[in-house]
Amino acid sequence: GGELELEQAYVNYHTDNLGFQGGVILPTAGLINEYHEPPLFLGVERPEYNKYIIPTTWFGNGFAFYGNVADFNLRLALMEDLEGEGIIKDGHIRGGRGKGHLTSGYSLLKNMSAVYTGINGLRVGGSLTLNDAPINNEPDTSISIQMFEINAKYSANNIYAVFEFGQNSFEGKNYTSPLKTSRGYYLDLGYNIGEMVNTNKLIPWFRVSNVSTDVDTDSKITDYMRFGLTWWPIDNVAFKMDYGTKTIKSDSDNHTTQINLGIGYNF
């Protein structure tokens, strides 16, 4: 009737410029997967992009090598395979998360990432993830996956801006895959008015986003638009409210209104 999850439990060795992790780790994919505590993103819920394109929160057994070169942070993670049968059942990559339980390492998932932080307040990065996800733990029958994403975040001079774009490609190996290319993005823009009202941080913001889980036929396209207000009385606590619309274009442009209230914290 449920599950107990341990998202991170690893041995970490590092010097000033190089490091190694081994255990239950998180791949570097997008801005939120590795660092997903609620005070670190604006909305009550994570963007839908981080569900269907980047399968946040995504963790598993594996090991990673990382290091710093000038203003670049580089990382290579080798992890357990995704589960091909789960991806086929759900129709998108999220269903492939094995979470360290009864997973295989037939081909090993390869996650390569680079992040640039040489300009104050700016973070620009990207990653490439490759895997032949076995179907029912049979390595001869699999879904070959290529996930590519780029991201950028600027947080300085009271400006807050985030952009992410990602694409997943699927191809069957000894299997005719029903899965098509999926693609999505989101853009957050906000401005911190905390100094104007004498508080730590207060950001009114808006988001536009699109998720297409069947790019080849344009049959499963969803647009999102959201407005919100997030208040941090201290950095580790965030009170959030947002309002927006969800438009499913494959369902006669069906519109759904969403209103969220929440409290986020980390400790």
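Student: Which residues does alanine 77 touch, not counting residues up to four places away in sequence?
Tutor: Contact means heavy atoms within 4.5 Å. Leave out the residues up to four places away in sequence, and alanine 77 touches Ile25, Phe63, Ala64, Leu109, Lys110 and Asn111.

Student: What should I know about the model itself?
Tutor: This is a predicted model: local features need pLDDT of at least 70, side-chain atom pairs count only at pLDDT 80 or more, and totals for chains, interfaces and linings use all residues. Residues are numbered from 1 along each chain as its sequence is written, and side-chain values use heavy atoms, with hydrogens and water left out.

Student: Where is alanine 77 found?
Tutor: Start with the elements. Helices (H or I, at least four residues) and strands (E, at least two) are DSSP runs, numbered from the N terminus. Alanine 77 is in strand S4.

Student: How do I compare distance in sequence with distance in space?
Tutor: Count places along the chain, then look at the C-alpha atoms. Alanine 70 and threonine 117 are 47 residues apart in sequence, yet their C-alpha atoms are 9.4 Å apart in space. Alanine 77 and isoleucine 259 are 182 residues apart along the chain, and 38 Å separates their C-alpha atoms.

Student: What is a nonpolar core, and which residues touch the most other members of the largest one here?
Tutor: A nonpolar core is a set of buried Ala, Val, Leu, Ile, Met, Phe, Trp, Tyr and Cys residues joined through side-chain atoms within 4.5 Å. The largest one in this model has 34 residues, and Leu82, Ile87, Ile145 and Phe170 touch the most other members. At least two residues of this core come from each of helix H1 (49–52), S4, strand S6 (122–135), strand S7 (138–156), S8, strand S10 (201–212) and strand S11 (221–234).

Student: What is isoleucine 145 in contact with?
Tutor: Set aside its neighbours within four places in sequence. Isoleucine 145 is then in contact with Leu82, Ile87, Ile93, Thr129, Leu130, Asn131, Ala133, Ser169 and Phe170.

Student: Asparagine 131 is on that list. Where is asparagine 131 found?
Tutor: Asparagine 131 belongs to strand S6. Its relative accessibility is 4%, so asparagine 131 is buried. Beyond four places in sequence, it touches Asp81, Leu82, Ser107, Leu108, Leu109, Ile143, Ser144 and Ile145.

Student: Which side chain makes a polar contact with that of asparagine 131?
Tutor: A polar contact is a pair of N or O atoms within 3.5 Å; within protein, one must be able to donate a hydrogen and the other to accept it, and residues adjacent in sequence count only if both atoms are side-chain atoms. The partner is serine 107, whose side chain is joined to that of asparagine 131 by a polar contact of 2.9 Å.

Student: How about a backbone partner?
Tutor: Go to histidine 36, in the loop between S2 and H1. A polar atom of its side chain lies 2.8 Å from the backbone oxygen of asparagine 33. Histidine 36 is buried because its relative accessibility is 8%. Among its contacts beyond four places in sequence are Glu7, Phe41 and Thr57.

Student: Which residue does a cis peptide bond join to threonine 57?
Tutor: Read omega. Threonine 56 and threonine 57 are joined by a cis peptide bond, with omega about -10°. Threonine 57 sits in the loop between H1 and S3.

Student: What about phi?
Tutor: Asparagine 137 is not a glycine, but its phi is positive, about 60°. The residue lies in the loop between S6 and S7, and is partly exposed at 35% relative accessibility. Asparagine 198 also has a positive phi, near 60°. It lies in the loop between S9 and S10, and is exposed at 74% relative accessible area.

Methods:
Buried < 20%, exposed > 50% of the residue type's maximum accessible area, 1.4 Å probe, protein only.
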